Amino acid sequence: MRMAPLTLALCCSLAFLPAAAAQDAAADAHAGTPITLAQAMADPDWIGPPVEQFWWSWDGARAQYQLKRAGESIRDTFEVPVAGGAPRKVDGADRAQLDATNPAFDAQRTRMAFARNGDIFVRDLRSGALTQVTRSEAAESRPQWGLGGNLVFRAGNDWFQWRAGQGVSQAAVVKAEVDPAKPPKDDALRDRQFELIETLRNERDRRDAVREQNEAWRKSDPTRAPAIAYLGDEVEVVDSALSPDGRSLLVVTHKKDGKEGTAGKMPKYVTESGYEEFEEVRTRVGHDAPLAHALWLVDTSSGQVRGLAFNGLPGIGTDPLADLRKAAGDEPLKGLRDVRVETDASGSAPAIHWSADSRTAAVLLRAVDNKDRWIATVSPGEAELHTRHRLTDPAWINWNFNDFGWTPDGALWLLSEQSGYSHLYVSEGGRAPRALTAGEWEVSSPVLGADGRTFHFLCNRAWPGDYEVCAVDRDGGEVRELTSLDGVENFALSPDGSRLLVRHSASYLPPQLSVVDPAGGSATQLTDTRSAEFKARRWVQPEYVQVPSTHGAGMIRGKYYGPANPEPGRRYPIVMFVHGAGYLQNVSERYPNYFREQMFHNLLVQDGYIVLDLDYRASEGYGRDWRTAIYRQMGHPELEDYLDGLAWLGREKQGDTDRAGIYGGSYGGFLTFMALFREPGTFKAGAALRPVTDWTQYNHEYTSNILNTPALDPQAHRKSSPIDYAEGLQDHLLIAHGMIDNNVFYKDSVMLAQRLIELRKDKWELASYPLERHGFVHSDSWYDEYRRIHELFEEALK
């Protein structure tokens, strides 16, 4: 959809722009100035800072947000009245009154709790009074209210509780140690000593009596700390979640000293010490799988520990890789598959959610092979997992779309890709989940409104790259689109639920803030932090196009950059861009991750090229089948999409398909290799930046999802690794890689360089950047890299 007119409450952030007259002069000076490579690759401070974190003030009168300080890494906090007015920087003592992101509201919605600077605060929403609950060096987080006004929060895996007028107390104590009161293992020699030596026997009995008396006193004394829960000395605690009433704790562990594979050693040559240094980096795929988890239920008052078994999870005993295991000559899987308690690879999203009444906890579980995801519930009295939802996929379960939680009346809600697209479901009373949304579009980032009934979420109903805020009632009904901003990034509901604070962007608009009334009406834009110079330039607007697939994939979405008025009869040289990450969306109406590359595409159009950027198969935003099309064959469906795009440019956009180049970074670098190696002569030049050359060198969590492990599925790794096709190179190739890249190792490019040397290939070069990691941060490196790319295309395509 097109953006509705914005009521501009603020022209620009005064902290970053000069006076209005100077702005107008700067705008006039730069309006028709062509973009240069030096400007495009300069520090992005010249563009203006995007709005980063943002949140509401407690009274809903102001928006508070963070901006990067020009020339520094410091993030300053600003606030702006939503009714109109200029922003101000919040500094000094005023920072003590700031609110924060992701507040937790009590049942009556009269108080909110939040974490700021690693401490917990409570704000009274009637008076605005702010109470500081903690003030410590520990990083407290995840506040949650119970129905009776009890507030629990964590510091690491230690849990505390607070109640107004009663202060803070430790709510749970868990130790990965052997319980000293636990009777020792049977030992005939020890038994004989006690039988023969009365003094030893008396001393033991006296110690036991002291311990038992202290334990009895502790249980009867409400001022004492809770009982210690001992898990044994063979495990390590990796996560935990306390019930809001403070009485039950779920604890996640893995085996102590579990085998996690051999870490790599990355050399660093340019160092402050002047000596070569080595950094320990991740393990490779298959060396070894992530450690399995165990789940425990702890009674905090008694310290009683009960293990929760996974054997009731449907499908847990079935091996989805049995055929591959048999073909590889491996032993069949024995027993149950290993399980982990996690929602995503980063572990940043909670995998355990307690209901507000503390009667039930919901837990998200994944098979380590990531072919199954379960959401199960457990009640403290029963201590048994009950599966509420199973999602299974013969390829892999998405790391996204795993949000879940509870409604105030105790219904479980969740996201699932079971229909092929991420949609919202609700399960009441243990019944099967029912869908609240449906269709060939995706739901993400759901938030339950202040009324406890309305779900708000991101949706892309119009087309996959148009993101808005939508809403639906928990009982179902019509899905309502609340915004018409096209490029919504994320949003926050005001404390009273009456308004939305929306962070949105566009092709040449870094993320900004607007306020929206969910009941209807236009958005009021609160910020515009772009510099006058950036706003004044006449940018080439991308044309959103659809390329028909000749390989059964339907339509491939793309962004096309070309001249406004093509010369009749002229055939233009072609550059095709490949976004990174594989599962990433770059064809959308949001500000692109590749904003520098977008400016480079402007420069290429100035220089007489046309450019096409595709959301090839595996890209985000298009549903499950699009995502998993690359299972066991990375680089094959995606290359088909680029070949279709190339042919389309020749038919529809006066493209000269005999003068085509391709480039991209990370996954885009990998796909550039596949294009040059597997289709020699099609692309006359390619630039592979920070590229994967051999998938056996990449990490386990990503690679094993798509290709399984090299030992189990060697065919998939050979089929998908560019180094196995290197003999096909005949065109111009630039490889560029940061030497301290701890994501895709520089070793990948060094290995391919040696392979090309042995194959006696020419027309290739390797550019190395000693102080760059995976994402370049120094403008000198950006400039040098793109100077080489530009020169490559000028030489090979013109």
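pLDDT is the predictor's confidence in each residue, on a scale from 0 to 100. The protein chain has an average pLDDT of 93, and 96% of the residues score at least 70. One stretch needs care: over residues 1-20, pLDDT stays under 50, although the model has 62 contacts beyond four places in sequence for them. Where pLDDT is low, the predicted coordinates should not be read in detail.

## The whole chain

Let's begin with the overall picture. The protein chain contains 14 helices and 45 strands. Its radius of gyration is 29 Å, close to the 28 Å that the globule rule gives for 798 residues, so the chain is as compact as a globular protein of that length. Taken along the principal axes, the C-alpha atoms fill a box of roughly 105 × 70 × 60 Å.

How much of the chain is buried? Of the 798 residues, 53% are buried. The protein chain exposes about 34300 Å², and carbon and sulfur atoms supply 48% of that area. Among the contacts with a separation of 6 or more, 60% are between residues 24 or more positions apart.

## An enclosed helix and a surface patch

Leu196 belongs to helix α3 (residues 188-196). This leucine has a relative accessible area of 51%, and it counts as exposed because the cut-off for that word is over 50%.

## Two asparagines in loops

Asn102 is not a glycine, yet it has a positive phi of about 50°. Asn370 also has a positive phi, of about 60°, without being a glycine. Asn102 sits in the loop between β5 (88-90) and β6 (104-105), while Asn370 is in the loop between β23 (361-367) and β24 (372-378). Which of these residues is buried, and which is exposed? Asn102 is exposed, with a relative accessible area of 69%, whereas Asn370 is buried at 2%.

## Charged pairs

Side chains of opposite charge can pair when their charged atoms come close. The count for this model comes to 49 salt bridges. Here are three of them.

| Salt bridge | N to O distance | Accessibility of the Arg | Accessibility of its partner |
|---|---|---|---|
| Arg88 and Glu79 | 3.2 Å | Arg88: 39%, partly exposed | Glu79: 8%, buried |
| Arg461 and Glu481 | 3.4 Å | Arg461: 35%, partly exposed | Glu481: 25%, partly exposed |
| Arg659 and Asp656 | 2.8 Å | Arg659: 25%, partly exposed | Asp656: 18%, buried |

Some salt bridges share partners, and these join Asp409, Glu428, Arg434, Arg453, Asp473, Arg474 and Asp475 into one network.

Let's return to one pair in the table. Arg461 forms its salt bridge with Glu481, and this pair links distant parts of the chain, 20 residues apart. Arg461 lies in the loop between β31 (454-459) and β32 (468-473), and Glu481 lies in strand β33 (residues 480-481).

How values were computed:
Residues numbered from 1 in each chain as written. Predicted model: local features only at pLDDT ≥ 70, side-chain atom pairs only at ≥ 80, totals over all residues. Heavy atoms only, no water. Contact = heavy atoms within 4.5 Å. Helix = DSSP H or I, 4+ residues; strand = E, 2+ residues; numbered from the N terminus. Buried < 20%, exposed > 50% of the residue type's maximum accessible area, 1.4 Å probe, protein only. Rg over C-alpha atoms; globule rule 2.2 N^0.38 Å. Areas by Shrake-Rupley, 256 points an atom, 1.4 Å probe, with all protein chains shown as cover. Salt bridge = Lys/Arg side-chain N within 4 Å of Asp/Glu carboxyl O.
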